[in-house]
Amino acid sequence: MLQWRGIRGGTREVTPPGVDAFAIGVVLGIDDGGRQREAKYRIKVDITDERRGPKVIEERLEVVGRGQYVFDSHPDSNPPNESDALHIAVRLRKRQQAGFVGPQMNFANTTPVLSQLLDHPEVTQTVREHVRLVIQALSSMRFLDLDPDAMREASYPGQIVLGDRGENLSSVLQAITADPAQESVLAEWVRELTPMDAQRFEFVPDAQGRVLLHLTEANGRRISAVSASDGTLRFLAMIAALLGPEPADLYFFEELENGIHPNRLFLLLDLIERSVRRGGRQLVATSHSPQLLGQLSGDALEHASLVYRLEDSATAQIIRVLDLPDARRVLEEQDLARLHAAGWLEDAASFAADEEDVAEDSTRGAAS
């Protein structure tokens, strides 16, 4: 079974034309011995070698309050020797009472150092634990790219983690309905979010022991996952992700409105906000829908951002909607859906960029 289709465009298109490398950084919250700390991880990857493929050229992990770094390929002082084309060298946090400089270690540059450190026999327990916590946090990020064909497949009971394409939908829903209270909540959301009057969930086994979801309506009509609409399946998958027994810490949904009737978007937003308010979970979603933007709550609007690309620019930028010039005043008088449909958000972002350029030019003039 296909598990991952890979990044759209592959390594050739992961960067803009003429750019040879890309970097990704993330700030994570981890439980460091009962104390919440920030972990800052950054990796830079070169994509120019078509024969060997991408290679790691910089990598760093810091746990705030626990020294300058856990490991760093390019520390400010005592940087390791990076002369080997097949490896990346990193400097580890120095061992207690073992000199002023931490040890240097070399790792294959075709794989992140983070994943190689975990099982290295010479790594201290503290370093290993911090690496484990960061890997655990990263593995609890799910980027869902739901595929109706995958969601219509039967799955084995006990598979309680929803796949990135919606695999295991039937078995995850089966696990949810094992709790009568959760089953009632699930049925209520299905009735609210779809045209179906769902009353009961059944999971019919096949010859291999896999189960397939069947929904029974109040009039006795039974609909299997095979016959359900794409929109209904997307709703079910989102519910399964948020209510399932092993939810991720962060979910990413691309084009949240796909397959969803505009009149029901506010219900989906309500489900998402309730799930996030329960704590311990984040959800990021993209949308092109003015209708969806028009139904954002005040709390959600505080966290809404615009992704845009200026004319003649090769890269996209991101800005919080409420940080756009005069945004709060305008939103008191205008609906966000109408502003988006009219192109006001992009115009405001362009205006803000022009003002920033003017300010920078003025600063250079004053300095000279």
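Me: Which residues of helix 4 are buried?
Reply: In this predicted model, the buried residues of helix 4 are Leu169, Ser170, Ser171, Val172, Leu173, Ile176 and Thr177. That is seven of the nine residues in helix 4, which is mostly covered.

Me: What do those buried residues pack against?
Reply: They pack against helix 3 (148-151), helix 5, strand 8, strand 9 and helix 6.

Me: Which residues have the most contacts inside the largest nonpolar core?
Reply: Leu169 and Leu173 have the most contacts inside that core, which has 47 residues. The elements giving two or more residues to this core are helix 4 (169-177), helix 5 (180-193), strand 8, strand 9, helix 6 (230-243), strand 11 (250-253) and helix 7 (265-277). Helix 6 supplies the largest share, 10 residues.

Me: And what does Leu173 touch?
Reply: Leaving out residues up to four places away in sequence, Leu173 touches Leu186, Phe203, Leu213, Leu236 and Ala240.

Me: What about the second core, how many residues does that one have?
Reply: The second core is separate and has 25 residues, including Ile30, Val90, Met105 and Val127.

Me: Back to helix 6. How do helix 6 and helix 7 cross?
Reply: Their axes come within 11 Å and cross at roughly 10°. Helix 6 and helix 7 are therefore roughly parallel to each other.

Me: Which residues make that contact?
Reply: Helix 6 contributes Phe235, Met238, Ile239 and Leu242, and helix 7 contributes Leu268, Leu271, Ile272 and Ser275. By class, seven of the contact residues are nonpolar, one is polar and none is charged.

Me: Ser275, then: buried or exposed?
Reply: Ser275 is buried, with a relative accessible area of 1%. Apart from its neighbours within four places in sequence, Ser275 is in contact with Leu242 and Arg281.

Me: At what angle do helix 5 and helix 7 pack?
Reply: Helix 5 and helix 7 pack at about 150°, with their axes 10 Å apart. That makes helix 5 roughly antiparallel to helix 7.

Me: Which residues meet there?
Reply: Trp189, Glu192 and Leu193 of helix 5 meet Leu267, Leu268, Asp270, Leu271 and Arg274 of helix 7. The contact of helix 5 with helix 7 has five nonpolar, no polar and three charged residues.

Me: How many bridges join strand 8 and strand 9?
Reply: Strand 8 (residues 198-205) and strand 9 (residues 211-217) pair over seven bridges, in the antiparallel sense. Ala198 has Glu217 in strand 9 as its bridge partner, and Pro205 has Val211.

Me: And which residue in that hairpin takes a positive phi?
Reply: Gly209 takes a positive phi near 90° in this hairpin, which has five residues between its strands.

Me: What about strand 2 and strand 3, how many bridges do they have?
Reply: Strand 2 (residues 35-46) and strand 3 (residues 55-63) pair over eight bridges in the antiparallel sense. Lys44 stands opposite Glu58 in strand 3.

Me: Finally, the whole chain. How many helices and strands are there?
Reply: The chain has 12 helices and 14 strands. Of its 368 residues, 39% are buried. The C-alpha atoms fill a box of roughly 75 × 55 × 45 Å along the principal axes.

Methods:
Residues are numbered from 1 along each chain as its sequence is written. This is a predicted model: local features need pLDDT of at least 70, side-chain atom pairs count only at pLDDT 80 or more; totals for chains, interfaces and linings use all residues. Side-chain values use heavy atoms; hydrogens and water are left out. Two strands pair if DSSP finds at least two bridges between them. Helices (H or I, at least four residues) and strands (E, at least two) are DSSP runs, numbered from the N terminus. A nonpolar core is a set of buried Ala, Val, Leu, Ile, Met, Phe, Trp, Tyr and Cys residues joined through side-chain atoms within 4.5 Å. Buried means under 20% relative accessible area, exposed over 50%, partly exposed in between (1.4 Å probe, protein chains only). Contact means heavy atoms within 4.5 Å. Axes are lines fitted to C-alpha atoms, for helices over the stretch in contact, and angles run from 0 to 180 degrees between N-to-C directions. Angles under 35 degrees count as roughly parallel, over 145 as roughly antiparallel, 65 to 115 as roughly perpendicular and the rest as oblique. Ala, Val, Leu, Ile, Met, Phe, Trp, Tyr, Cys and Pro count as nonpolar, Asp, Glu, Lys and Arg as charged, and the others, Gly among them, as polar.
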